[in-house]
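This report covers salt bridges and backbone phi values in one protein model. The sequence and structure come next.

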Amino acid sequence: SYTVDLPFGRGQKFFTGVHGLAGKLISGWGVDGIGTFSAGLPLKFVSGQNLTNSDGGSSTPNVVAGCQQNESGEPESRLTKWFNTACFTQPPAFTYGGESRVDPHLQADGIANLDLVLFKNTSFGHEDKYRLQVRGEAFNIANRPQFGAPGQTQGMSTFGVISSQVNDPRQIQLAMKLLF
């Protein structure tokens, strides 16, 4: 996160000697922002049929040896096949399957989000006693979707399919407040 007062106007590096209406227009600008970047969470697979003959727990699929699990391409192009579903098979009866608790190679979509604020503070009144702040705020300014996890139950029609978005699209709001 960051907060930057832009160096323009009265008391700043640039246009420091400006006065009057021009000084009010040039002075008091700033930028705030938050960037959030994270890799996705690892995926946890289960088998669609529990053939373990146990009263608790479930089985995981077997992983086909040497199979390339990752699919290439942008997330938007992989929504119906996030990973290579052919790399996973139903384990035989009375076994728990060979997939680990969480897959070491596959993960859900990560986070890449930028929020940005542009604001202007203007002092006025006797001895600049009052201050008006105008703000423009943009959340997810790049409008990048973050997709939900793909289906993780082997043997189901939704296995490897992403059917949700877990963040909001770009939102912009304007605000004004008077400080006295």
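Which residue forms a salt bridge with Asp128? The partner is Lys24, with the closest N and O atoms 3.4 Å apart.

## Basis of the values

The model is predicted; local features need pLDDT of at least 70, side-chain atom pairs count only at pLDDT 80 or more, and totals for chains, interfaces and linings use all residues. Residues are numbered from 1 along each chain as its sequence is written, and side-chain values use heavy atoms, with hydrogens and water left out.

## The Asp128 and Lys24 pair

The structure holds five salt bridges, a salt bridge being a side-chain nitrogen of Lys or Arg within 4 Å of a carboxyl oxygen of Asp or Glu. One of them joins Asp128 and Lys24. Asp128 sits in the loop between strand E6 (111-124) and strand E7 (130-139), and Lys24 in helix H1 (residues 20-26), so this pair ties together parts that are 104 residues apart in sequence. Helices (H or I, at least four residues) and strands (E, at least two) are DSSP runs, numbered from the N terminus.

Asp128 is partly exposed, at 28% relative accessible area, and Lys24 is partly exposed at 31%. The cut-offs are under 20% relative accessible area for buried and over 50% for exposed, with partly exposed in between (1.4 Å probe, protein chains only). Side chains of opposite charge can pair when their charged atoms come close.

Asp32 forms a salt bridge with Arg135, where the closest N and O atoms are 3.8 Å apart. Asp32 belongs to strand E2 (residues 29-38) and Arg135 to strand E7, so the pair links parts that are 103 residues apart in sequence. Asp32 is buried, with a relative accessible area of 16%.

Arg135 also meets Glu137 in a salt bridge, at 2.9 Å from N to O. Glu137 and Arg135 are both buried. Through shared partners, salt bridges join Asp32, Arg135 and Glu137 into one network.

Which phi values do Glu127 and Asp128 have? Phi is near 55° for Glu127, a positive value in a residue other than glycine. For Asp128, phi is near 50°, again positive in a residue other than glycine. Most residues other than glycine have a negative phi.

Glu127 lies in the loop between E6 and E7, and Asp128 lies in the loop between E6 and E7 as well. Glu127 is exposed, with a relative accessible area of 70%, whereas Asp128 is partly exposed at 28%.
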